[in-house]
Amino acid sequence: MTTHLVWFRNDLRVCDNLALAAACRDPRAKVTGIFIATPEQWRQHNMAPRQAEFLWQHLRLLQTSLAERGIELCIKQAKDFAASIECLKAFCASRNVDALFYNYQYELNERERDAAVEKNLGRDVICQGFDDSVLLPPGSVTTGNHEMYKVFTPFSKAFIKRLQEGLPECVSAPGARGEPLVMTQAAPFDYPRDEVDTALFPFGERAAIAKLREFCLTPAADYPERRDFPAVDGTSRLSPYLALGVISPRQCLHRLLKEHPRALEGGAGSTWLNELVWREFYRHLLVAYPKLCRYQPFIPWTDSVRWQQDEKLLTAWQQGQTGYPIVDAAMRQLNATGWMHNRLRMVVASFLVKDLLIDWRAGERYFMTRLIDGDLAANNGGWQWAASTGTDAAPYFRIFNPATQGERFDAAGEFIRRWVPELQAVPGKHIHAPWVWADKQPQTLDYPRPIVDHKQARIATLAAYEAARKPEDKQDEK
């Protein structure tokens, strides 16, 4: 009997899983699954304990779902990627595996691991990989010179055109391949885990699909008007499920088009579709520019910016104690839930880099240690955009005013009061500058004063970027 092995990674679902579907295509083949936890590698990649819990719960649910179909999912643990290669090789030998099926991961370490696996397995095992976590494969949307786009807008236009020519298909979940299996309880992997708020992020593939369907019914059409206001439930909150592959981008696209058929032509739903394309853009960039996986900026001269080394300021930002209410509310939301509203991700990133003049990489790493939706491509892309170091970045002289951002997107302070209870008594018109109001009150306010003056910080930041850019200007003159 032919034996097919499915190597699960960030694709923890049975519906629309390209590798799983391909492995199950031959009705005579015995299909087995394997997941190899790599705790030391996760530590190196700063995986958040809350994301580790989200992964563990979905892994157990996937094991149950596969067992109901007569497919065994073996959960193993190896120290790191190097050890996982040996683990996989030994497993293939012990089960007489004929073919290995897996879905590609696009980060550099993961790509190097997969290349090593194919080399180690040699001719004994046929390896088949699939572009499962993207709508279109990296390298398939390029300029006329066959190069990766460096700016989002032309990439998006070319990407949408490709989708209009033909949509990527979803594949069905595999049917039963024998009697349901009795599972043995797997031991949790050796990695810290933190509690997940299941009211925000319920566990399970079915729950993820239900959230997707609910969002696409009406909120997706209202997304342009509601997405920037953190006090409003105007976003999909599907990012944790996409990060671990509990749902696929193809499922998102097809469900969106089912409810909003004109999304590809710029009609209702097109703004949220644009967010899916941003996700693709950052993934394609990782493949085209591997240096992005090595904490290197896309724009070389920005690596010469003289960042401020101030642990006290960094800690205040991390703990939501900066004295700027919208920044502090956002950071406390992140620390408490593992998630942050997208508008606020831009605000707090701009504050760390452009107000505190702290290296964007410190923020990128901290986010990964907290995010339930941690994803290298999206996180790196977002931070480099905010820091003006990446492709399609905000110009370095565009600096968010944190108080103004609060006034625009949380005018009444509803979101701020939810996460910064010290400000409950502050009137709405003073919520974004509570220290001004507090100075006129008989009682003291248990809230820090701003750790930096925005106007002065802006001047210092512009000078730092301009100084870093001078060598490039001189080179251009030659």
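Helix H12 (311-319), helix H13 (325-337), helix H14 (342-355) and helix H16 (376-387) are among what covers the buried residues of H15, with contact taken as heavy atoms within 4.5 Å. Buried here means under 20% relative accessible area, exposed means over 50%, and partly exposed is in between (1.4 Å probe, protein chains only). Helices (H or I, at least four residues) and strands (E, at least two) are DSSP runs, numbered from the N terminus. The model is predicted, so to speak of local features takes pLDDT of at least 70, and side-chain atom pairs count only at pLDDT 80 or more, while totals for chains, interfaces and linings use all residues. Residues are numbered from 1 along each chain as its sequence is written, and side-chain values use heavy atoms, with hydrogens and water left out.

H15 itself (residues 360-370) is mostly covered, with 8 of its 11 residues buried; Trp360, Tyr366 and Phe367 are among them.

Now for the salt bridges, where a side-chain nitrogen of Lys or Arg sits within 4 Å of a carboxyl oxygen of Asp or Glu. The count comes to 20. In one of these, Asp375 pairs with Arg283, the closest N and O atoms being 3.0 Å apart. That pair links distant parts of the chain, as Asp375 is in the loop between H15 and H16 and Arg283 is in helix H11 (residues 270-288), 92 residues apart. Asp375 is buried at 10% relative accessibility, and Arg283 is buried at 8%.

Arg332 and Glu422 also meet in a salt bridge (2.9 Å, N to O). Arg332 counts as buried at 14%, whereas Glu422 is partly exposed at 23%.
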